[in-house]
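Thank you all for coming.

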Amino acid sequence: MNAPHALISGASIAGLSTAWWLKRIGWEVTVIERAHAFRAGGQNVDVRGVAREVLDRMGLTEAVRAKNTTETGTVIVDERGDVIAELPSDGPDGATAELEVLRGDFARAILDALPDDVEFVYGDAVLEVDESVPSHVVVSTERGRRFDVDLLIVAEGVRSRTRDLLFAASEVDAVPLGITMAFGTIPRTGDDDDRWRWYNAVEGRQVHLRPDPYGTTRAILSYAGTDDLPDRDRDDAVSVLRDRYADAGWQSQRVLDGFATSDDVYIDELTQIRMPGWHRGRVCVIGDAAWCVTPLGGGGASLALAGGYVLAAQLSQIDGRPGIDDLDRALSAMGEWMRPLVDQVQGMPRGMLRLAYPRTSLGLTARNVVTKIITSPPLSHVVGRFTAIAGTDRELPPLREAPDRTR
């Protein structure tokens, strides 16, 4: 009997983790990716909570550790660059995690570990999906390809086109947080060090500088408000950011000048994705397409990595080719296991946005006082609760590996 076949749309962490684990249980896997090649680069992500165990089971912990960003801690600074407070970074789940890595480096570590028989199709995307055939799902692509597969897995980003093609608007709750983030890589200077430096200015503005392992600096401008920047070209977007940050202080102008010439500026308006269910028939969604928690919540990469394992573990309990009922049971079980982890991150405390993005001088002063108090003993453990993401006391569901994939 031929092995079950899955088509995964999306070749970042969620899609690659899913591909790795599906191969372990004996499935055939095709990955389709809209980009014309593997997407390197990106900002910091980390491996927290149960995702560390998944990474260990993949045998990739040391490979990811070797790609560490070199960041050693997290400090909040004032307009002179003086440290106001240092966030706890002791233990594996501190503000700077033990396994802190750039998104592209993390994805590359998984990609390099995939078997050669995982098929990749770059520069193409899902166009139509025919779910009318009981025995399989028919996927047609923009470039005229056709795939008849047992399962379509949508592992795209927060603005997934395939998810929106297949699920009604009533099934996808896109919750805007009213925060804009601009990410980019800028030249490193002698003043940069090995810490994540976080600066707040009035009017809900933030500036972040973080080290990377390539001799450059990863910068973020984040503010409370929206200007439709994701739809603008870089020059127009940077012009709007210059107006926003004209009097913000610290290293705002350095970041803006760097963004003006950087070739990897990415801008997003933060949106959480909440869905009551992550599957229907022979289609399921995973990663940011299913439960985007945003960089503000954190843990997106950990949930993506863990989700790939949990999905494969539940599918591994099916003997032979999966029928609709088999898939419904397996995918429902995946959702039940992942839901508490997702809800934990998406349920941000009331007032968190206002605390993180103070608008007035009085609010900023109060925030700085509160931050200094709660990051100092004996209250520093309070901050640790907010960085302990994707943790659970539950055992990972068992996964039955295919006989020829056992170690």
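Leaving aside residues up to four places away in sequence, Ile76 touches Asp82, Val83, Ile84, Ala85, Leu87, Trp198, Arg367 and Thr371, where contact means heavy atoms within 4.5 Å. This is a predicted model, in which local features need pLDDT of at least 70 and side-chain atom pairs count only at pLDDT 80 or more, while totals for chains, interfaces and linings use all residues. Residues are numbered from 1 along each chain as its sequence is written, and side-chain values use heavy atoms, with hydrogens and water left out.

Ile76 sits in strand S4, residues 73–77, a strand being a DSSP run of E with at least two residues, numbered from the N terminus. Is Ile76 buried or exposed? Ile76 counts as buried because its relative accessibility is 3%, and buried means under 20% relative accessible area, exposed over 50%, and partly exposed in between, with a 1.4 Å probe and protein chains only. From C-alpha to C-alpha, Ile76 lies 5.9 Å from Tyr199, although 123 residues separate the two in sequence.

Turning to the sheet, 6 strands form an open sheet with mixed pairing, in the order S7-S2-S1-S11-S18-S17, and two strands pair if DSSP finds at least two bridges between them. Its edge strands, each pairing on one side only, are S7 (119–122) and S17 (279–280). Within the sheet, S1 (residues 5–9) and S2 (residues 28–33) pair in the parallel sense over 5 bridges, and Ser9 stands opposite Ile32 in S2.

Methods
Helix = DSSP H or I, 4+ residues; strand = E, 2+ residues; numbered from the N terminus.
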